Amino acid sequence: MVLSRTDRSYVELEPGLVSSLADFTIATWVKLPENLDDYARLFDFGTGTGAYMAFAPKAGSKIFYQIRNSSADYTLSIPHNVPLNKWVHLAISQNGATFKVYLNGSLIFTDQQAALRPVDL
């Protein structure tokens, strides 16, 4: 599936798709445009501004990941650049409290204090 680059380009998935995820992996191939806005989200699952899980491959010179619910927030600013205008494979995974980010099959980040999971939304 290829989406054009507009502020309205998105795929709407069935409601509750991530509501039962505890341990998970989300992976995709993506070619980010040269003029990608900071914090443009690659995915955003949730029910609004108070309960969501979002991933932005460009937040300045970092990668941004956040998951929050009404009582907790787990936010990461990952010190890595995702190449622009080039096909890359991105994957994130969480197993228990361990959260990992992979770029083109290489592990680029690990955090062992993941406080929330999609099931907690």
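Student: Does Arg117 count as buried or partly exposed?
Tutor: Let's start with the cut-offs: buried means under 20% relative accessible area, exposed means over 50%, and partly exposed is in between (1.4 Å probe, protein chains only). The relative accessibility of Arg117 is 30%, so Arg117 counts as partly exposed.

Student: What kind of model is this, and from which number are residues counted?
Tutor: This is a predicted model, where local features need pLDDT of at least 70 and side-chain atom pairs count only at pLDDT 80 or more, while totals for chains, interfaces and linings use all residues. Side-chain values use heavy atoms, with hydrogens and water left out, and along each chain, as its sequence is written, residues are numbered from 1.

Student: After which strand is Arg117 found?
Tutor: Strands (E, at least two residues) and helices (H or I, at least four) are DSSP runs, numbered from the N terminus. Arg117 sits in the segment that follows residues 106-111, and those residues make up strand E8.

Student: Which residues are in contact with Arg117, leaving aside neighbours within four places in sequence?
Tutor: Contact here means heavy atoms within 4.5 Å. With sequence neighbours within four places left aside, the contacts of Arg117 are Leu21, Ala22, Ile67 and Gln94.

Student: Which residue meets Arg117 in a salt bridge?
Tutor: Side chains of opposite charge can pair when their charged atoms come close. A salt bridge is counted when a side-chain nitrogen of Lys or Arg is within 4 Å of a carboxyl oxygen of Asp or Glu. At 3.5 Å, N to O, the side chain of Arg117 meets that of Asp120.

Student: How many salt bridges are there by this rule?
Tutor: One of them joins Arg41 and Asp44, whose closest N and O atoms are 2.4 Å apart. Arg41 is partly exposed, at 43% relative accessible area, and Asp44 is partly exposed too, at 42%. By this rule, the count comes to four.

Student: How far apart in sequence are the parts that Lys58 and Asp38 tie together?
Tutor: These two side chains form a salt bridge of 3.1 Å, N to O. Lys58 is in strand E3 (residues 52-59) and Asp38 is in the loop between E1 and strand E2 (43-46), so the pair ties together parts whose separation in sequence is 20 residues.

Student: Which side chain makes a polar contact with the side chain of Asp111?
Tutor: Asp111 lies in strand E8 and is buried without a salt bridge, as the nearest side chain of opposite charge, Lys100, is 12 Å away. For charge, Lys and Arg count as positive and Asp and Glu as negative, while His and the chain ends are not counted. A polar contact is a pair of N or O atoms within 3.5 Å; within protein, one must be able to donate a hydrogen and the other to accept it, and residues adjacent in sequence count only if both atoms are side-chain atoms. At 2.6 Å, the side chain of Asp111 makes such a contact with that of Tyr74.

Student: Which residue has its backbone oxygen 3.0 Å from a polar atom of the Asn69 side chain?
Tutor: Asn69 is in the loop between strand E4 (62-68) and strand E5 (73-78), and is buried at 14% relative accessible area. A polar atom of the Asn69 side chain lies 2.9 Å from the backbone nitrogen of Ser71. The backbone oxygen, 3.0 Å from a polar atom of that side chain, belongs to Asp120.

Student: What is the phi of Tyr39?
Tutor: Most residues other than glycine have a negative phi. Tyr39 lies in the loop between E1 and E2 and is partly exposed at 47% relative accessibility. Although Tyr39 is not a glycine, its phi is positive, at about 70 degrees.

Student: And what is the phi of Asn104?
Tutor: Look in the loop between strand E7 (98-103) and E8 to find Asn104. Asn104 is partly exposed, with a relative accessible area of 41%. Asn104 is not a glycine, yet has a positive phi of about 50 degrees.
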